[in-house]
Amino acid sequence: DGPNDELVVNDIVDEPNYGTATPTPSGDNILYTPDDDACDKFRDSATVTDTFTYNVVDSLDDNIVSNAATVRVTIICNREGPVANDDSLDVDEGDEDEPADVLD
């Protein structure tokens, strides 16, 4: 690698377990997208850790490949479960089976 040579991402060496890693066409970045169900595999965790490795090449000589480097990704799980709200119901004495419309 010469002093002014530009490095570009060559390859994803080891794929992530809970998402996808893709070099950009220009080779200057790697795009990471977590799987839609990444957090479902770890129900009791607020985060999931994923890793992938990549290497780079000299933009002027793609026969010179670097060592593999590791990227650690922390996926933040946004767990928003259902929420129930308090309600009230007015009934007349003697009424039976008056529905409480709790889902509106």
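Predicted model: local features only at pLDDT ≥ 70, side-chain atom pairs only at ≥ 80, totals over all residues.
Student: Why is Tyr18 called buried?

Tutor: Tyr18 has a relative accessibility of 19%. Buried means under 20%, so Tyr18 counts as buried.

Student: What makes Tyr18 and Phe42 an aromatic pair, and why is the pair called edge-to-face?

Tutor: The ring centres of Tyr18 and Phe42 are 5.4 Å apart, and rings pair if their centres lie within 6.5 Å. The angle between the planes is 90°; planes over 60 degrees apart count as edge-to-face, so that name applies to Tyr18 and Phe42.

Student: Why can this pair be said to tie together separate parts of the chain?

Tutor: Tyr18 lies in the loop between β1 (7-14) and β2 (19-23), while Phe42 lies in the loop between β3 (30-34) and β4, so the pair ties together parts that are 24 residues apart in sequence.

Student: Is Phe42 buried, partly exposed or exposed, and how do you know that?

Tutor: Its relative accessible area is 32%. Buried requires under 20% and exposed over 50%, with partly exposed in between, so Phe42 is partly exposed.

Student: How many aromatic pairs does a search of the whole structure find?

Tutor: The search finds 2 aromatic pairs. Besides the pair already discussed, Tyr32 and Phe52 form one.

Student: What makes the pair of Tyr32 and Phe52 stacked?

Tutor: The planes of Tyr32 and Phe52 are 5° apart, with 6.2 Å from centre to centre. The distance is within 6.5 Å and the angle is under 30 degrees, so the pair counts as stacked. Tyr32 belongs to strand β3 and Phe52 to strand β4, 20 residues apart.

Student: Why is Phe52 called buried?

Tutor: Phe52 has a relative accessible area of 4%, and the limit for buried is under 20%; Phe52 is therefore buried. Phe52 is also among the 10 residues of the largest nonpolar core, which include Tyr18, Cys39 and Cys77.

Student: What makes the meeting of Lys41 and Asp37 a salt bridge?

Tutor: The N to O distance between the side chains of Lys41 and Asp37 is 3.9 Å. A salt bridge needs a Lys or Arg nitrogen within 4 Å of a carboxyl oxygen of Asp or Glu, so the term applies to Lys41 and Asp37. The structure holds 1 salt bridge.

Student: Why are Lys41 and Asp37 called partly exposed?

Tutor: Lys41 has 44% relative accessibility and Asp37 has 37%.

Terms used:
Residues numbered from 1 in each chain as written. Heavy atoms only, no water. Core = buried A, V, L, I, M, F, W, Y, C linked by side-chain atoms within 4.5 Å. Buried < 20%, exposed > 50% of the residue type's maximum accessible area, 1.4 Å probe, protein only. Phe/Tyr/Trp six-rings, centres within 6.5 Å; stacked < 30°, edge-to-face > 60°. Helix = DSSP H or I, 4+ residues; strand = E, 2+ residues; numbered from the N terminus.
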